[in-house]
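Here's a quick briefing to keep beside you while you look at the model. Have the viewer open and follow along.

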Amino acid sequence: MHSTMMIPGFEGVEVKKTEERDGCLYLHVQMPKKTHVCPSCRARTRRVHDYRVQKVQHLKWFERLTHLFYRKRRYACACGKKFAEQNSLVERYQRHSKEWNQAFGFRLIHGKNFKDTAHLFHTSPNTAVRRFDRISASHLKEVEELPRVIAIDEYKGDTDHGKYQVIIANADTGEPIDILPDRSAETVKDYLKKKKSNVECVVMDMSYSFKSAVNKALNNPIIVADRFHFCRYINWAVDRVRKRVQKDFHDYDRRKCKRMRHVFHKPYESLSDK
């Protein structure tokens, strides 16, 4: 290509031909021929054994799906060893370019969900999940012991162990510590027994199974009802009183009271005279 444009990610790469078919862009590329060091005997060689064309998915160009047809060389050494050339485009045994893998990994961490990210990069959600697990594996550290104050709560997840999982967090900082595969009392109890050492206080909802597991595993620590469930129980109690009392109201007043039920949940200082 008779062009002086420098394409990011293609430094030192020869672009032999470009073509567009069915809305997709195809780039035919190769690396310049140069001397390589044999990985077996460390001798230097420039003898080419053969070529093969590898199709590699690349990042989109101008909102067009882009593929590279990389004409890859294999060099031959006098010792009989054949080996692939070094290149800046694609890792060994990969079908995506280095630029694609880098952008995909960054988007997996900062994206909303796996499905949307996979659709954006024209791959499958399963691939997105596997890549995320591979990236996050090096950052995960097993918790040796729990802090003095912890918080326990359940959330709806998607695992083979159950519909709900349990998250353990540091109640002082709000930082997640660990996730348990299911919300059964036995799972929670076994985990707390293993990691309990410093735990003195547990913040949680007033679930009977959680309370039972905590008392058995931690020898009756201080249990604090979290603010959300504490307020919800009070609101439910107020609603029960309102429903019982307004039954004796005139029909007009009963409907009006029902429409204004949010007033009962407001702080006193937020109420107006009206």
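Start with a charge on a ring: the charged end of Arg71 sits over the ring of Tyr51, 3.8 Å from its centre. Keep in mind that this is a predicted model. The rest is sorted by topic below.

**Charges over rings and aromatic pairs**
- The structure has 8 aromatic pairs. One of them is Tyr75 with Phe83, which counts as stacked because the ring centres are 6.2 Å apart and the planes meet at 25°.
- Both partners of that pair are tucked away: Tyr75 is buried at 0% relative accessibility, and Phe83 is buried at 9%.
- Elsewhere, Trp100, Phe104 and Phe121 make up one aromatic cluster.

**Annotated spans**
- An unreviewed UniProt entry labels residues 35-79 "domain: Transposase IS204/IS1001/IS1096/IS1165 zinc-finger". In the model this span is 69% strand and 0% helix, with its end C-alpha atoms 16 Å apart.
- UniProt (again an unreviewed entry) gives residues 85-135 as "domain: Transposase IS204/IS1001/IS1096/IS1165 helix-turn-helix". That span comes out as 61% helix and 0% strand, and its end C-alpha atoms are 27 Å apart.

**Cys38 and its surroundings**
- Cys38 is in the loop between β3 (36-37) and β4 (44-45), and it is buried, with a relative accessible area of 0%.
- Apart from neighbours within four places in sequence, Cys38 touches Ala43, Cys77, Cys79, Lys81 and Phe83.
- Gly174 is 136 residues from Cys38 along the chain, and their C-alpha atoms are 54 Å apart.

**Salt bridges**
- The whole structure contains 12 salt bridges.
- Arg74 pairs with Asp50, the closest N and O atoms being 2.9 Å apart. Arg74 belongs to strand β6 (residues 64-76) and Asp50 to strand β5 (residues 48-61), so this bridge ties together parts that are 24 residues apart in sequence.
- Arg74 is partly exposed at 34% relative accessibility, and Asp50 is partly exposed at 25%.
- Glu186 bridges to Lys189, with 3.3 Å between the closest N and O atoms. These two are 3 residues apart in helix α4 (residues 185-195), so about one helical turn separates them.
- Within that pair, Glu186 is partly exposed at 47% relative accessible area, whereas Lys189 is buried at 14%.
- Glu14 and Lys16 also form a salt bridge, the closest N and O atoms being 3.4 Å apart.
- Asp251, Arg254 and Arg255 are joined in a salt-bridge network.

Note on methods. Residues numbered from 1 in each chain as written. Predicted model: local features only at pLDDT ≥ 70, side-chain atom pairs only at ≥ 80, totals over all residues. Heavy atoms only, no water. UniProt positions renumbered as here; feature names shortened; annotations may be inferred. Helix = DSSP H or I, 4+ residues; strand = E, 2+ residues; numbered from the N terminus. Buried < 20%, exposed > 50% of the residue type's maximum accessible area, 1.4 Å probe, protein only. Contact = heavy atoms within 4.5 Å. Phe/Tyr/Trp six-rings, centres within 6.5 Å; stacked < 30°, edge-to-face > 60°. Lys NZ or Arg CZ within 6 Å of the ring centre and 35° of its normal. Salt bridge = Lys/Arg side-chain N within 4 Å of Asp/Glu carboxyl O.
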